[in-house]
Amino acid sequence: MQHEEHISQLIVRSLLGTLDDQGRQELDAWLAADPRHRQLLEELSCSITLDQHIAELQRIDCRKAQAMMEQRIKEAEARQQESAQPLSRRLTLMHNYWLIGIAAMLLLIVGTYYYIDKVTIGHRPVATRTESRPAVITHGTTQALLRLSDGKVIRLGADQQANRRAIAKACGRNYHGNIVVTTPRGGEYRLTLTDGTEISLNAGSRLEYPAVFDGKERRVKAEGEAFFKVAHDKEHPFYVETGGQELRVVGTEFNINSYTPGIVVTTLIHGIVTIHPRGAKGGVLTLHPGEQAEYNDKSGSAQIRQANTEVVGSWTTGSFVFENQTLEQIMEELSRWYDFDYTFRNAALRQTVFMGSVPRYGDFKNVLHILEMSGGIHFQVKGKRVYIF
């Protein structure tokens with residue numbers, strides 16, 4: 001429990017921008033130890049996610065909940081000792097309980113600061129909340145979290161001027177390190193790099209790039225989904241690393257989707273890109289406008305096909321356009337943007353194929369109604385969960 005509290009304190013100091021070098025090394029080591037650690041930090045760092053968790057804390061007796069959690073962990077550990085579960089399974093369960101403890105401790109610590117209005121993240125005050133509201137499913141908004149290599153964290157929103165002022169204040173004049181921008185579920189963000197390259201990040205995505213391009217090449221890393229409009233500079237080629245592959249471009253428009261683990265789908269709108277699998281897998285591929293490559297990191301192979309570029313880029317222009325997509329694929333895409341969970345009452349519905357479009361910024365009930373009009377499916381919404389039958 002002492003270790004959990006120590007990690008929680010490191011995370012809080014990181015959010016406040018007061019983490020020293022030793023603390024940064026300890027936190028980086030913890031984040032590198034397991035992908036779930038970084039996921040936990042990014043989820044809890046998001047303002048909307050934090051709001052939701054704090055609202056939950058307000059509605060419960062924290063001491064009673066903590067006591068119940070500790071009792072359940074003791075009971076679970078006792079059952080593990082009595083059972084003959086493999087060691088790896090037991091370690092996984094114990095690690096999950098440890099993560100729960102970290103999350104609970106962190107929320108209690110952050111929540112305390114949050115409600116007495118003593119915390120500023122990225123030098124911007126966090127608004128207090130006095131009452132919880134029922135969960136409502138709404139479309140996403142412009143929001144992201146920007147993190148510097150020195151541990152400073154800045155919340156970015158729709159006010160671009162305020163964003164630029166906050167970033168300039170945090171970076172100063174001499175910052176030449178990397179910058180990481182992440183969007184949560186229900187978030188999107190658009191940014192322009194120092195070379196003029198424009199990038200749109202979809203919900204649940206991550207982009208890492210240098211504050212200043214000062215070498216012979218321009219190199220960034222992307223996860224999730226991003227739409228690039230790369231500024232032309234023949235003398236300084238642009239590289240994008242994502243999901244086991246590397247793209248080389250000069251001045252090009254393209255979309256990258258790596259939501260599915262081990263799979264990267266690259267769709268070229270304008271220009272030419274070459275795809276280089278990192279390591280010894282596969283050869284170099286060249287994409288032309290209108291072509292789409294689906295790269296499999298495990299096999300090192302890629303399939304090239306023709307694509308409808310208007311469908312692929314529709315999320316950047318305010319629509320979801322579905323072309324021969326299964327209902328499961330559609331719900332996965334909608335759930336990232338509207339930030340909800342879903343359950344199929346009938347498993348066979350997962351593979352139902354749809355074609356059509358819905359507005360990206362539309363009322364969620366209207367979006368479901370459009371899908372229902374296609375026939376054969378119905379939705380029931382309870383809080384932040386959608387049931388499909």
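In what follows, two residues are said to be in contact when heavy atoms lie within 4.5 Å.

## Overall make-up

The model is predicted, and its secondary structure comes to 10 helices and 24 strands. Of the 389 residues in the protein, 46% are buried. When contacts between residues at least 6 apart in sequence are considered, 54% of them join residues at least 24 apart.

## The pairing of α9 and α10

Helix α9, which spans residues 327–338, and helix α10, which spans residues 364–373, have axes that come within 13 Å and cross at roughly 175 degrees. Because angles over 145 degrees count as roughly antiparallel, α9 is described as roughly antiparallel to α10.

On the α9 side the contact is made by Ile330, Leu334 and Tyr338, which meet Phe364, Val367 and Leu371 in α10. Sorted by class, this contact of α9 with α10 has six nonpolar residues, with no polar and no charged residues.

## The two faces of α7

Helix α7 (residues 160–171) has 12 residues, and the distance from its first C-alpha to its last reaches 16 Å, close to the 16 Å expected at 1.5 Å a residue. Its buried residues are Ala162, Asn163, Ala166, Ala170 and Cys171. These residues cover an arc of only 150 degrees around the axis, which means that they are on the same side of α7.

An α-helix has 3.6 residues a turn, so residues three or four places apart point the same way. On the face of α7 turned away from the buried side are the exposed residues Gln161, Arg164, Arg165 and Lys169.

## Positive phi values

Most residues other than glycine have a negative phi. Asn324, however, is a residue other than glycine with a positive phi, near 55 degrees, and Asn324 lies in strand β20, which covers residues 319–326. Its relative accessibility is 52%, so Asn324 counts as exposed, the cut-off for that class being over 50%.

A positive phi near 55 degrees is also found at Asp339, again a residue other than glycine. Asp339 is placed in the loop between α9 and β21 (341–344). Is Asp339 buried or exposed? With a relative accessible area of 18%, Asp339 is buried, since that class takes in values under 20%.

Definitions and conventions. Residues numbered from 1 in each chain as written. Predicted model: local features only at pLDDT ≥ 70, side-chain atom pairs only at ≥ 80, totals over all residues. Heavy atoms only, no water. Axes fitted to C-alpha atoms, helices over the stretch in contact; angles between N-to-C directions. Helix = DSSP H or I, 4+ residues; strand = E, 2+ residues; numbered from the N terminus. Parallel < 35°, antiparallel > 145°, perpendicular 65-115°, else oblique. Nonpolar A, V, L, I, M, F, W, Y, C, P; charged D, E, K, R; others polar. Expected span 1.5 Å × (residues − 1). Buried < 20%, exposed > 50% of the residue type's maximum accessible area, 1.4 Å probe, protein only. Arc of directions from axis to C-beta.
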